Each structure stands twice: as C-alpha cells, then as structure tokens.
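Here is a quick walk through one model, helix by strand by ligand. Have the sequence and the 3D view open while you read.

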Amino acid sequence: MDLYYAPGACSIGIHVILAEIGKPYTLKKLDFAARQQFAPEFTRINPKSKVPTLVRDDGSVLTEFTAIATWLARANRHKHLLPEDLDGQIRALELIDYVVATIHMQGFSRVFRPGNFTTSTAEHDAVKARGREIAEQGFVLMDRTLDRRDYLLGGYSVADAALFYAEFWADRVQYRLPANCAAHYARMRSRPAVQGVLAAEGY
Ligand SMILES: N[C@@H](CCC(=O)N[C@@H](CS)C(=O)NCC(=O)O)C(=O)O
C-alpha cells in the first residue's frame, strides 16, 4: 500500500492508523510548497489534488479521510479499530465526519488557507479569526465526548486518529485545548505508533 501524504497535513491521521495496524506500507511524500499535489504524476492518481490518498495493493485508489479510515479498520478487523456493532460504527463515523467536515474544513482550512474563503486579502484576518472560532467550538464538543473517557468511544478507534490530527494542528498554531482534549492529545502522543509517525514526518 502507498500512502500519499504531506508532512503535518491531515494525512498524518491515516499515517497513524497504518502504523497502528503495523502491516508494511510505503510513504509517498508530496511537497505542497512545490505544488506537487497539482503535478500530473499525482493528479493521474488523485485528480482531487488532496492527501490523504491511499493506493491499495490491488492498485485501486481511495480518497477522503473517513473512507480510508473506515476501510483500513474494516480490512484489519482483528486490530479492533472500529466497534463491531452498528451503533458503535455510526458513532465513530459521526465523530470522524465532525472532525473532518467541521473542525478541519470549516475551521482550520480558514486559518491555513484564508484565500480559499475570500478574494480580498484585507479580509484574511477576519476569515482566520472565524476559522479559529469554529475549530475551538469543535474542540469544546469533542471535550464533552471525552468526559471520563480515555478515547472518543471509550476504547481506541480510528476516530481518535482523526481527532489527533486536529489536536496536532491546534498545538502547532498554539491554540489552548480544553482539558479532556489536551489529555487525549498527550495520550495519543504517548502511543508508540504516533511517536514513530511524528518522527517519520519530521516532528
Ligand atoms: N475531504 C478531504 C480533505 C483532504 C484535504 O483537505 N487535504 C489537504 C491537506 S490537510 C490537502 O491535500 N490540501 C491540498 C492543498 O491545499 O492544495 C479528506 O477528508 O481527505
């Protein structure tokens, strides 16, 4: 399997899941500063120009964090990275989707890429401030979910890898995480798989 990633991007969450599973995979690094996500060598694989992108052993390509995370968990059931019962699975997807679609796409995307939300550079600071607000509101909700729990669903699951990448971004831009999220982030960082991934991505 090949994982296309950019250091520190949301692909780090999928990288963590692959490391937890422990089967061999190959890292394919994209340099966003050099705009390699738009180069034909990559758009032939993923025309969306986005990471994470997973090329499976049969050559088929999977995109979108939620789809990749769910497939990896289901294809490696013995690792127990998703609950077996329908309600547990739906709760995991609900959490992952909230991280990806709200905290990331509505929140941090405004902070990191204000130009995607306004054509006026004069509005960039306001866009970033709104992004921060959305991300921080998101962490407040995740914090409630983590109340008296080590991980989002109680036991460790792929939903935690999603929350981890958002927490990692909060750390990078120095947002203060609410207490349960801060504890969750520290717990994630203490996992050997996460430590290996951070080192591999240069952090
Ligand atoms: N909805 C996508 C979002 C993926 C995404 O936005 N990835 C960012 C990195 S965090 C990306 O590849 N950006 C490329 C760019 O900004 O040109 C998913 O769930 O995988």
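Start with helix H5, where the buried residues are His124, Val127, Gly131, Ile134, Ala135, Gly138, Phe139, Met142 and Asp143. Bear in mind that this is a predicted model. The cover over those buried H5 residues includes helix H4 (86-112), helix H6 (158-172) and helix H7 (179-189). As background for reading such a list, an α-helix has 3.6 residues a turn, so residues three or four places apart point the same way.

## Ser109 in helix H4

Helix H4, one of the elements covering H5, is also where you'll find Ser109. Is Ser109 buried or exposed? Its relative accessibility is 14%, and buried means under 20%, so Ser109 counts as buried. Setting aside neighbours within four places in sequence, Ser109 is in contact with His104, Pro114 and Phe117.

## The sheet

Now for the strands. There is an open sheet of 4 strands, in the order S2-S1-S3-S4, and its pairing is mixed. Strand S2 (26-29) and strand S4 (61-63) sit at the edges, each pairing on one side only. On average, neighbouring strands in this sheet are turned by 20 degrees against each other, direction ignored.

Strand S1 (residues 2-5) pairs with S2 in the parallel sense, over 4 bridges. In that pair, Tyr5 stands opposite Lys29 in S2. Helix H3 (residues 65-75) packs on the sheet, where H3 touches strand S3 (53-55) and S4. The direction of H3 makes about 120 degrees with that of S4.

## Around the ligand

Which residues are closest to the ligand? Of the 16 residues that surround it, the closest are Cys10, Gln37, Val51, Glu64 and Arg113.

| Residue | Atom on the residue | Ligand atom | Distance |
|---|---|---|---|
| Gln37 | side-chain N or O | oxygen | 2.7 Å |
| Val51 | polar backbone atom | nitrogen | 2.8 Å |
| Glu64 | polar side-chain atom | nitrogen | 2.7 Å |

Technical notes
Residues numbered from 1 in each chain as written. Predicted model: local features only at pLDDT ≥ 70, side-chain atom pairs only at ≥ 80, totals over all residues. Heavy atoms only, no water. Buried < 20%, exposed > 50% of the residue type's maximum accessible area, 1.4 Å probe, protein only. Helix = DSSP H or I, 4+ residues; strand = E, 2+ residues; numbered from the N terminus. Contact = heavy atoms within 4.5 Å. Pairing = 2+ DSSP bridges. Axes fitted to C-alpha atoms, helices over the stretch in contact; angles between N-to-C directions. Near = heavy atom within 4 Å. Polar contact = N/O pair within 3.5 Å; in protein donor to acceptor, adjacent residues only side chain to side chain.
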